[in-house]
Amino acid sequence: MSSLVVVGTVLQTPTPRTLAVSSDVAVVVGDDGVIEAVHPAASMEAKDAWAAAPRVQRLNAHERLLPGLIDLHVHAPQWPQLGTGLDLGLEKWLFDYTFPLEVRYADAGFALEVWDRLVPTLLRHGTTTAVYFSSIHEEATRLLAATCVRHGQRAFVGRVAMDHPEGTPRWYRDVDAKAGVAASAASIETIAGLPGARGLVAPIITPRFIPTCTDELLSGLGELAASTGALVQTHCSESDWEHGHVLERFGRRDAWMLQQFGLMRRGTVLAHGNLLDDGDFGVIRSAAAGVAHCPLSNSYFSNAVFPLRRALQQGVAVGLGSDVAGGAHPGLLPQCGHAVTVSRMLEDGVDGSRGAAERGVPGSRVDVVTAFHAATVGGASVLGIPAGLLAPGKLFDAFVVRTNDRESGLHVYEGLDDEARIFEKIVRLAAPSDIPAVWVGGRRVVTR
Ligand SMILES: [Zn+2]
C-alpha cells in the first residue's frame, strides 16, 4: 500500500560519471518507507498511485528532488566548537581543545541540549543519514541515538572507546581495556533496544584510533564486532602524526594493523585515509570496508590530499564526511564542492615555485557528479544500506531544493541553465533555506 507520492523532477548520480535526470516523474513510496515504483507523471500508473495515496506532494517548476545525503563522519560532541581552533595541529587540537569539551558529556543535560541542536541542523542540510562518534559516555551516547530516533534521522551511533595511558589524557579515557570493551558492548545493546530504533538507528563500534587505544582494547573491540555483527568506525592514516604513530608502534601501516585487530570488516568506515597507499587500498577493498573522505577537515589536519579518484579507480568504496568539527561546516553539499576543489589542487599542485610538470599528481581531478555520487551512493555502499538513489527497492531518503528564492544565492535562468547546470548550481550553492522538505524512510522530517 503506497503512503506517499512525490511528483517532480529527480536529479541523481547512479554512477560516479553519470547525472541522471528524470523529468516529471511520480515517486511512489510504500508504508515501509521504501520506494515501490517511479513512473512518468503522465502515466496511468502514476495517476492511480496518487489517487490512492493519502499524501501527495507536487513539486513546482523551480524545485528538484534529490536523494538524501549520507555523512559518514560526524563528531557529535564537537558541535559546540564548530568553526574554531582550526589553526592547530591535530595532536594539539585533540588534547588542548577537543578532549576538554568531550569530557563535559558526562553531564547528560548538556549532552541533550547539544544533540537537540545538532541533529535537526544536519537534517535541514539534507543529511538523511549520519555516522556519529559520540563521547566515551554511555548515557550521552544513548541520548544521541534517542535524539536521532525522535527527529527521524537515520544514524549509526558509536560510543567512543579509548584507553591508552599515553594517547589520552588521564581525565578522559576508559578505565582500562576490559572496561572499555564492556561499555561498548553495553552501549550496543542499549541502542539496539531503543524504542523506534529498529531500521533507523544502529550502534557502531568506535575505537577512536590506534594512538588512543591499547592493543588489548583494539583486539577486544575486534572480537565484539565479530560477535555482534555491528559495524566499526575509526580514523585511519589521517595525518603524519597519527600514521607515524602506528608505524613506530607496530612497524606496520594503519590499515594492516586494523585488519590484524579484527576491525577491518565489511562496512568498516575509515575516516580520512589521506596517507593510504595502493597496498592499503587492496586491504580495504578485500575487506569490503570503505573510506569517509573529509576534504575540508583534511585541509586543516591531514598533511595531504586524499586521492579520491585513484581510490575509486582501485574499486574502493568512498563516501563523504563533514568531520564536524575538524571540518568547519555542517553540510555535505559544501563538502562536495570541497572534494572537487582539493582534487584540483592535488592534480595541479600547490607550490608555484616548481615547474608545472612536477607540481601535482596528474589525473586526480573529480567533478561535482563524482562528488555527489560519493555523498549519496558511495556512502550507502560503504554502510551497506539501500539508500543513495531514488529507485524502486531503495529507502525514500530524499530532499527538495527550491531555486530562485528571492533571498537565496541559488538562481536559475530559463534558456541558459539546463538540468546539468541546475544540478551543479544546487550542489555548490544550495543552503538550508533552499531546502523546504526532507524525508527519511518516507517520513517528512523537515518542513519549511
Ligand atoms: Zn574524526
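Reply: We may begin with a term: two residues are in contact if their C-beta atoms, placed from the backbone, lie within 7 Å. The model is a predicted one, in which local features need pLDDT of at least 70 and side-chain atom pairs count only at pLDDT 80 or more, while totals for chains, interfaces and linings use all residues. Residues are numbered from 1 along each chain as its sequence is written.

Me: Which residues of α5 meet α6?

Reply: On the α5 side they are Ala-177, Gly-180, Val-181, Ser-184, Ala-185 and Ile-188. Their partners in α6 are Glu-216, Leu-217, Gly-220, Leu-221, Leu-224 and Thr-228. By class, this contact holds 7 nonpolar, 4 polar and 1 charged residues. Ala, Val, Leu, Ile, Met, Phe, Trp, Tyr, Cys and Pro count as nonpolar, Asp, Glu, Lys and Arg as charged, and the others, Gly among them, as polar. Helices (H or I, at least four residues) and strands (E, at least two) are DSSP runs, numbered from the N terminus.

Me: At what angle do α5 and α6 pack?

Reply: Helix α5 (residues 177–192) and helix α6 (residues 215–228) pack at about 25 degrees, and their axes are 9 Å apart. The axes are lines fitted to C-alpha atoms, for helices over the stretch in contact, and angles run from 0 to 180 degrees between N-to-C directions. The two helices α5 and α6 are therefore roughly parallel. Under 35 degrees counts as roughly parallel, over 145 as roughly antiparallel, 65 to 115 as roughly perpendicular and the rest as oblique.

Me: And what about α12 and α13, how are they set?

Reply: α12 and α13 are oblique to each other, because their packing angle is about 135 degrees. Their axes lie 9 Å apart. Leu-332, Gln-335, Cys-336, Ala-339 and Val-340 of α12 meet Val-368, Ala-371, Phe-372, Ala-374 and Ala-375 of α13. This contact has 9 nonpolar residues, 1 polar residue and no charged ones.

Me: Changing topic, which domains does the protein have?

Reply: The assignment gives domain 1 (2–67 + 389–447) and domain 2 (69–383); such bounds come from an automatic or database domain assignment. Taken over C-alpha atoms, the centres of domain 1 and domain 2 are 29 Å apart. Contacts join 23 residues of domain 1 to 22 residues of domain 2. On the side of domain 1 that touches domain 2, β1 (2–15), β2, α14 (419–429), β16 (437–440) and β17 (443–447) each supply at least two residues. That side of domain 1 divides into 14 nonpolar, 4 polar and 5 charged residues.

Me: Is Arg-154 buried or exposed?

Reply: Arg-154 is buried because 25 other C-beta atoms lie within 10 Å. The cut-offs are 20 or more such atoms within 10 Å for buried, 12 or fewer for exposed, and partly exposed in between, with C-beta atoms placed from the backbone. Arg-154 is in strand β8 (residues 154–158). Beyond its neighbours within four places in sequence, its contacts are Thr-128, Thr-129, Leu-200, Asp-397, Val-440 and Gly-441.

Me: Where is the cis peptide bond?

Reply: It joins Val-324 and Ala-325, with omega about 5 degrees. Ala-325 lies in the loop between β14 (317–320) and α12 (332–348).
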